[in-house]
Amino acid sequence: MKKRIIKVVAFIILLVIIAPYLFVETNTLLYGDDFANEYKQTGMIGSVKYFKVFYNFNGKAKVYYVDENTGTYVFYRKKGKKWKLTNFETVWSEDGSASEITFPIYFH
């Protein structure tokens, strides 16, 4: 009985750790094509190493773009068939101009 409880607790902990990544990776697979080049709307992000779609819900989206020097959240709202930038926020920068983190955590 004790071993079973330990296995269940370990499974739940593992699920809690992995679930946010599964959510983001699934969103990126489903909606990534929509946002592959939308970062250009910021005028501040250079060539992108990778990006992750954190959510796409009710005509709003949050995408995390990583370039050579920064990690940036970009927020969009859907207007008709196009995504329009509403805001962007630098999460981290090699220049030290940002001190936030992203959850789930994605690295440079």
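This is a predicted model: local features need pLDDT of at least 70, side-chain atom pairs count only at pLDDT 80 or more; totals for chains, interfaces and linings use all residues.
Local features need pLDDT of at least 70, side-chain atom pairs count only at pLDDT 80 or more, and totals for chains, interfaces and linings use all residues. Residues are numbered from 1 along each chain as its sequence is written, and side-chain values use heavy atoms, with hydrogens and water left out.

The sheet is open, with 4 strands in the order 1-2-3-4 and antiparallel pairing (strands are DSSP E runs of at least two residues, helices H or I runs of at least four, both numbered from the N terminus; two strands pair if DSSP finds at least two bridges between them). Strand 1 (50-57) and strand 4 (82-93) are the edges: each has a single partner strand, so one side of each lacks a neighbour in the sheet. Strands 1 and 2 (residues 60-66) share 7 bridges, and Tyr50 has Val66 as its bridge partner in strand 2.

As for the rings, there are 8 aromatic pairs (Phe, Tyr or six-membered Trp rings with centres within 6.5 Å; planes under 30 degrees apart are stacked, over 60 edge-to-face, the rest tilted). Phe35 and Trp83 make a tilted pair, with centres 4.9 Å apart and planes at 45°. That pair links helix 1 to strand 4, 48 residues apart. Phe35 is buried at 0% relative accessible area, and Trp83 is buried too, at 6% (buried means under 20%, exposed over 50%, partly exposed in between, with a 1.4 Å probe and protein chains only). Elsewhere, ring pairs join Phe54, Tyr64, Tyr73 and Phe75 into a cluster.
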